[in-house]
Amino acid sequence: MPYVMLTGGARSGKSAAAERRALAAHVPVTVIATAEAGDDEMAARIARHRSTRPPAWHTVEEPVDLCGAVHGVDTTRFVLIDCLTLWLANVIERSDEAVVAEAATLADLLADRPGDGVVVTNEVGDGIVPADPDTRRYRDLLGRVNGQLAARADEAFLVVAGRFVPLQEPSW
């Protein structure tokens, strides 16, 4: 069954849209959350996200092993992954090739599942070129990860100010 990928800038409405998509599926939902509360501000963000979810939704907090987490979800459930951006930050010590390969495996798992899903990620390549090599690597690697997930998604959207811009392959 299809999955949808939502990308966009910070606070663009991606997570809220993902939750609306999950509700529209009218099946049980599992959220795979990748954030870790490393400080008080992040803990507050995580709590805010949790508070918006319906109580019947199941949450799996998995900052690293997304493929394992998806394997562990019953195939009749809707899967909402939020988000790839934080997942990459959690696995950035791996080689670029390993990260891209895992993203491709994740895309295949989601595309081959009988149940629907949605993946949330950020678009970080629209700004200036970062000044340091580590930040440039992160930006470039997230672009590659996002490309893997978009390639297998049934639909992909750029979310800007809560509005959706469809991302499509060109006809040529």
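Reply: The side chains of Glu 61 and Arg 50 make a polar contact of 2.3 Å. A polar contact is a pair of N or O atoms within 3.5 Å; within protein, one must be able to donate a hydrogen and the other to accept it, and residues adjacent in sequence count only if both atoms are side-chain atoms. The model is a predicted one, in which local features need pLDDT of at least 70 and side-chain atom pairs count only at pLDDT 80 or more, while totals for chains, interfaces and linings use all residues. Residues are numbered from 1 along each chain as its sequence is written, and side-chain values use heavy atoms, with hydrogens and water left out.

Glu 61 belongs to strand 3. Helices (H or I, at least four residues) and strands (E, at least two) are DSSP runs, numbered from the N terminus. With a relative accessible area of 47%, Glu 61 is partly exposed; buried means under 20%, exposed over 50%, and partly exposed in between (1.4 Å probe, protein chains only). Leaving out residues up to four places away in sequence, Glu 61 touches Ala 33 and Arg 50, where a contact means heavy atoms within 4.5 Å. Between the C-alpha atoms of Glu 61 and Asn 122 there are 19 Å in space, and the two are 61 residues apart in sequence.

Strand 3 (58-61) also takes part in the largest pocket: together with helix 1, helix 2 (40-52) and helix 4, each supplies at least two residues of the lining. The largest pocket has a volume of about 680 Å³. Of its 27 lining residues, Arg 11, Ser 15, Arg 45, His 49 and Asp 82 are the closest to its centre. A volume here is the space filled by probe spheres set on the points, and grid points are joined across faces, edges and corners.

Helix 2 provides the largest share of the lining, seven residues. By class, the lining has 10 nonpolar, eight polar and nine charged residues. Ala, Val, Leu, Ile, Met, Phe, Trp, Tyr, Cys and Pro count as nonpolar, Asp, Glu, Lys and Arg as charged, and the others, Gly among them, as polar.

Which residues does Ser 15 touch, not counting residues up to four places away in sequence? They are His 49, Asp 82 and Val 120. Ser 15 lies in helix 1 (residues 14-24), and it counts as buried because its relative accessible area is 15%. Its side chain is joined to that of Asp 82 by a polar contact of 2.6 Å. Other buried residues of helix 1 include Lys 14, Ala 17, Ala 18, Glu 19 and Ala 22. Just after helix 1, His 26 takes a positive phi of about 55 degrees.

Asp 82 has a further feature: a cis peptide bond joins it to Cys 83, with omega about 5 degrees. Cys 83 is in the loop between strand 4 and helix 4. Arg 11, in the loop between strand 1 and helix 1, has a positive phi near 60 degrees although it is a residue other than glycine. Arg 11 counts as exposed, since its relative accessibility is 67%. Most residues other than glycine have a negative phi, and most peptide bonds are trans.

Among the 30 residues of the largest core, Ile 81, Leu 106, Leu 110 and Leu 149 touch the most other members. Elements that each supply at least two of its residues include strand 4 (78-82) and helix 4 (84-91). Helix 5 gives the most, with eight residues. A second, separate core of 15 residues includes Val 4, Ala 18, Leu 80 and Val 159.

How values were computed. A nonpolar core is a set of buried Ala, Val, Leu, Ile, Met, Phe, Trp, Tyr and Cys residues joined through side-chain atoms within 4.5 Å. On a 1 Å grid over the protein atoms alone, a cavity is a set of points where a 1.4 Å probe fits but cannot get out, and a pocket is an open set with protein on both sides within 12 Å along at least five of seven lines; lining residues have an atom within 4 Å of a point.
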